[in-house]
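Colleague: I am new to this structure. Please walk me through how to read its features.

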Amino acid sequence: MTSQTANSVGFNTLYQEHHEWLVRWIARRTYNRDNAQDIAQDTFIRLLSKPAVYHEIRSPRAWLTKVAGNLVTDDIRRKILEENYVAYLESMPETAYFSPEEQFQLLKLLEQIDSLLSSLRSIEKKAFLMVRLDGLSYKEVASQLGVSLSSIEKYIAKAMFECYTLTYSDLE
(Lines give C-alpha, C1' and ligand atoms only; values in the text may rest on other atoms or scores of the structure.)
Protein backbone atom coordinates (compact mmCIF):
# COMPACT_ATOMS: atom_id res chain seq x y z
CA MET A 1 0.00 0.00 0.00
CA THR A 2 1.46 3.38 -0.99
CA SER A 3 1.65 6.23 1.50
CA GLN A 4 -0.94 8.16 -0.52
CA THR A 5 -3.34 5.20 -0.36
CA ALA A 6 -2.69 4.81 3.37
CA ASN A 7 -3.37 8.53 3.86
CA SER A 8 -6.62 8.22 1.92
CA VAL A 9 -7.75 5.21 3.94
CA GLY A 10 -6.83 6.95 7.21
CA PHE A 11 -8.70 10.09 6.26
CA ASN A 12 -11.77 8.15 5.06
CA THR A 13 -11.89 6.21 8.33
CA LEU A 14 -11.56 9.40 10.37
CA TYR A 15 -14.27 11.07 8.30
CA GLN A 16 -16.69 8.14 8.57
CA GLU A 17 -16.17 7.75 12.30
CA HIS A 18 -16.53 11.42 13.24
CA HIS A 19 -18.40 13.38 10.57
CA GLU A 20 -21.97 12.95 11.86
CA TRP A 21 -20.86 13.49 15.44
CA LEU A 22 -19.10 16.72 14.40
CA VAL A 23 -22.17 17.97 12.51
CA ARG A 24 -24.32 17.38 15.61
CA TRP A 25 -21.70 19.09 17.83
CA ILE A 26 -21.64 22.17 15.58
CA ALA A 27 -25.43 22.23 15.15
CA ARG A 28 -25.89 22.36 18.94
CA ARG A 29 -23.73 25.48 19.02
CA THR A 30 -25.05 27.24 15.92
CA TYR A 31 -28.70 26.08 15.94
CA ASN A 32 -28.40 25.62 12.18
CA ARG A 33 -27.93 22.13 10.73
CA ASP A 34 -27.22 23.37 7.20
CA ASN A 35 -24.54 25.70 8.46
CA ALA A 36 -23.21 22.88 10.65
CA GLN A 37 -22.82 20.69 7.56
CA ASP A 38 -20.81 23.42 5.82
CA ILE A 39 -18.56 24.03 8.82
CA ALA A 40 -17.98 20.29 9.30
CA GLN A 41 -16.95 20.02 5.65
CA ASP A 42 -14.60 22.98 6.06
CA THR A 43 -13.11 21.31 9.14
CA PHE A 44 -12.35 18.12 7.24
CA ILE A 45 -11.00 20.12 4.31
CA ARG A 46 -8.54 21.75 6.72
CA LEU A 47 -7.51 18.29 7.84
CA LEU A 48 -7.25 17.04 4.28
CA SER A 49 -4.91 19.89 3.42
CA LYS A 50 -2.49 18.57 6.09
CA PRO A 51 -2.34 14.81 5.43
CA ALA A 52 0.50 14.16 7.85
CA VAL A 53 -1.47 15.70 10.72
CA TYR A 54 -4.28 13.19 11.11
CA HIS A 55 -1.87 10.29 11.66
CA GLU A 56 -0.44 12.17 14.64
CA ILE A 57 -3.79 13.12 16.20
CA ARG A 58 -4.22 11.32 19.50
CA SER A 59 -7.70 12.64 20.14
CA PRO A 60 -9.53 13.23 16.84
CA ARG A 61 -12.64 14.69 18.44
CA ALA A 62 -10.64 17.21 20.45
CA TRP A 63 -8.78 18.31 17.31
CA LEU A 64 -11.98 18.45 15.25
CA THR A 65 -13.84 20.48 17.89
CA LYS A 66 -10.94 22.93 18.18
CA VAL A 67 -10.82 23.54 14.41
CA ALA A 68 -14.62 23.56 14.07
CA GLY A 69 -14.93 25.91 17.05
CA ASN A 70 -12.52 28.34 15.38
CA LEU A 71 -14.52 28.12 12.15
CA VAL A 72 -17.78 28.75 14.06
CA THR A 73 -16.20 31.81 15.67
CA ASP A 74 -15.04 33.07 12.26
CA ASP A 75 -18.53 32.49 10.86
CA ILE A 76 -20.20 34.36 13.73
CA ARG A 77 -17.72 37.22 13.39
CA ARG A 78 -18.41 37.43 9.64
CA LYS A 79 -22.18 37.44 10.19
CA ILE A 80 -21.95 40.22 12.80
CA LEU A 81 -19.78 42.21 10.43
CA GLU A 82 -22.30 41.71 7.62
CA GLU A 83 -25.24 42.69 9.86
CA ASN A 84 -23.45 45.85 10.97
CA TYR A 85 -22.57 46.67 7.39
CA VAL A 86 -26.18 46.21 6.24
CA ALA A 87 -27.40 48.38 9.14
CA TYR A 88 -24.90 51.05 8.11
CA LEU A 89 -26.07 50.91 4.49
CA GLU A 90 -29.70 51.17 5.57
CA SER A 91 -28.91 54.28 7.60
CA MET A 92 -27.36 56.05 4.60
CA PRO A 93 -29.36 58.32 2.29
CA GLU A 94 -30.21 56.68 -1.02
CA THR A 95 -27.93 59.02 -2.95
CA ALA A 96 -24.92 57.71 -1.04
CA TYR A 97 -25.44 53.98 -1.79
CA PHE A 98 -22.57 51.94 -3.11
CA SER A 99 -22.90 49.78 -6.21
CA PRO A 100 -23.14 46.01 -5.56
CA GLU A 101 -19.52 45.63 -6.65
CA GLU A 102 -18.41 48.39 -4.26
CA GLN A 103 -20.46 46.82 -1.47
CA PHE A 104 -18.79 43.45 -2.07
CA GLN A 105 -15.31 45.00 -2.10
CA LEU A 106 -16.04 46.99 1.04
CA LEU A 107 -17.34 43.92 2.87
CA LYS A 108 -14.24 41.95 1.88
CA LEU A 109 -12.05 44.81 3.10
CA LEU A 110 -13.93 44.90 6.42
CA GLU A 111 -13.44 41.14 6.78
CA GLN A 112 -9.70 41.54 6.16
CA ILE A 113 -9.48 44.33 8.73
CA ASP A 114 -11.42 42.27 11.26
CA SER A 115 -9.17 39.28 10.63
CA LEU A 116 -6.12 41.45 11.01
CA LEU A 117 -7.33 42.92 14.27
CA SER A 118 -8.35 39.53 15.65
CA SER A 119 -4.65 38.76 16.20
CA LEU A 120 -4.51 41.56 18.76
CA ARG A 121 -5.46 41.33 22.42
CA SER A 122 -8.80 42.91 23.25
CA ILE A 123 -7.31 46.01 24.88
CA GLU A 124 -4.88 46.54 21.97
CA LYS A 125 -7.72 46.28 19.47
CA LYS A 126 -9.92 48.64 21.47
CA ALA A 127 -7.14 51.21 21.82
CA PHE A 128 -6.32 51.05 18.11
CA LEU A 129 -9.96 51.50 17.10
CA MET A 130 -10.47 54.36 19.56
CA VAL A 131 -7.49 56.22 18.07
CA ARG A 132 -8.13 55.39 14.40
CA LEU A 133 -11.93 55.40 14.20
CA ASP A 134 -13.02 57.63 17.07
CA GLY A 135 -10.17 60.09 16.59
CA LEU A 136 -9.26 60.13 20.28
CA SER A 137 -5.80 61.15 21.41
CA TYR A 138 -3.51 58.59 23.06
CA LYS A 139 -3.96 60.46 26.35
CA GLU A 140 -7.79 60.28 26.08
CA VAL A 141 -7.64 56.55 25.28
CA ALA A 142 -5.29 55.92 28.20
CA SER A 143 -7.68 57.74 30.52
CA GLN A 144 -10.76 55.89 29.26
CA LEU A 145 -9.09 52.47 29.41
CA GLY A 146 -7.41 53.15 32.73
CA VAL A 147 -3.89 52.38 31.55
CA SER A 148 -0.71 54.40 31.17
CA LEU A 149 0.08 56.53 28.15
CA SER A 150 3.14 54.38 27.42
CA SER A 151 0.89 51.28 27.33
CA ILE A 152 -1.33 52.94 24.72
CA GLU A 153 1.73 53.86 22.69
CA LYS A 154 2.85 50.21 22.78
CA TYR A 155 -0.63 48.94 21.86
CA ILE A 156 -0.89 51.28 18.87
CA ALA A 157 2.65 50.48 17.74
CA LYS A 158 1.89 46.76 17.89
CA ALA A 159 -1.37 47.20 15.96
CA MET A 160 0.35 49.33 13.32
CA PHE A 161 3.13 46.78 13.00
CA GLU A 162 0.56 43.99 12.54
CA CYS A 163 -1.24 46.05 9.89
CA TYR A 164 2.01 46.75 8.07
CA THR A 165 3.23 43.15 8.26
CA LEU A 166 -0.02 41.62 7.03
CA THR A 167 -0.42 44.24 4.32
CA TYR A 168 3.08 44.01 2.87
CA SER A 169 4.15 40.44 3.68
CA ASP A 170 2.99 39.20 0.24
CA LEU A 171 5.20 41.71 -1.56
CA GLU A 172 8.46 40.17 -0.40
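Modeller: Start with one term. Buried means under 20% relative accessible area. Keep in mind that this is a predicted model.

Colleague: Which residues of α4 are buried?

Modeller: In α4, the buried residues are Leu64, Thr65, Val67, Ala68, Gly69, Leu71, Val72, Asp75, Leu81, Tyr85 and Leu89.

Colleague: How many residues does α4 have, and how far does α4 reach?

Modeller: α4 has 32 residues. From first C-alpha to last, α4 reaches 46 Å. That is close to the 46 Å expected at 1.5 Å a residue.

Colleague: Now the cores. How many residues does the largest nonpolar core have?

Modeller: A nonpolar core joins buried residues through side-chain atoms within 4.5 Å. Here the largest has 19 residues. Leu22, Trp25, Ile26, Ile39, Phe44, Leu47 and Ala68 have the most contacts inside it.

Colleague: Which elements give two or more residues to this core?

Modeller: They are α1 (3-30), α2 (33-48) and α4 (60-91). The most comes from α1, with 8 residues.

Colleague: Take Ala68. What is Ala68 in contact with, leaving aside neighbours within four places in sequence?

Modeller: Ala68 is in contact with Leu22, Trp25, Ile26, Ile39 and Thr43. There is also a second, separate core of 15 residues. Among them are Leu117, Leu120, Ala142 and Tyr155.

Colleague: Next, the rings. How is a pair of aromatic rings described?

Modeller: By the distance of the centres and the angle of the planes. This structure holds 1 aromatic pair. The ring centres of Tyr15 and Phe44 lie 4.8 Å apart, with the planes at 65 degrees, so the pair is edge-to-face. An angle over 60 degrees is the cut-off for that class.

Colleague: Which parts does the pair tie together?

Modeller: Tyr15 is in helix α1 and Phe44 is in helix α2, so the pair ties together parts 29 residues apart in sequence.

Colleague: Tyr15 and Phe44: buried or partly exposed?

Modeller: Tyr15 counts as partly exposed because its relative accessibility is 27%. Phe44 is buried, at a relative accessible area of 2%.

Technical notes: Residues are numbered from 1 along each chain as its sequence is written. This is a predicted model: local features need pLDDT of at least 70, side-chain atom pairs count only at pLDDT 80 or more; totals for chains, interfaces and linings use all residues. Side-chain values use heavy atoms; hydrogens and water are left out. Buried means under 20% relative accessible area, exposed over 50%, partly exposed in between (1.4 Å probe, protein chains only). Helices (H or I, at least four residues) and strands (E, at least two) are DSSP runs, numbered from the N terminus. Contact means heavy atoms within 4.5 Å. The expected span of a helix is 1.5 Å times one less than its number of residues. Rings of Phe, Tyr and Trp (its six-membered ring) pair if their centres lie within 6.5 Å; planes under 30 degrees apart count as stacked, over 60 as edge-to-face and the rest as tilted.
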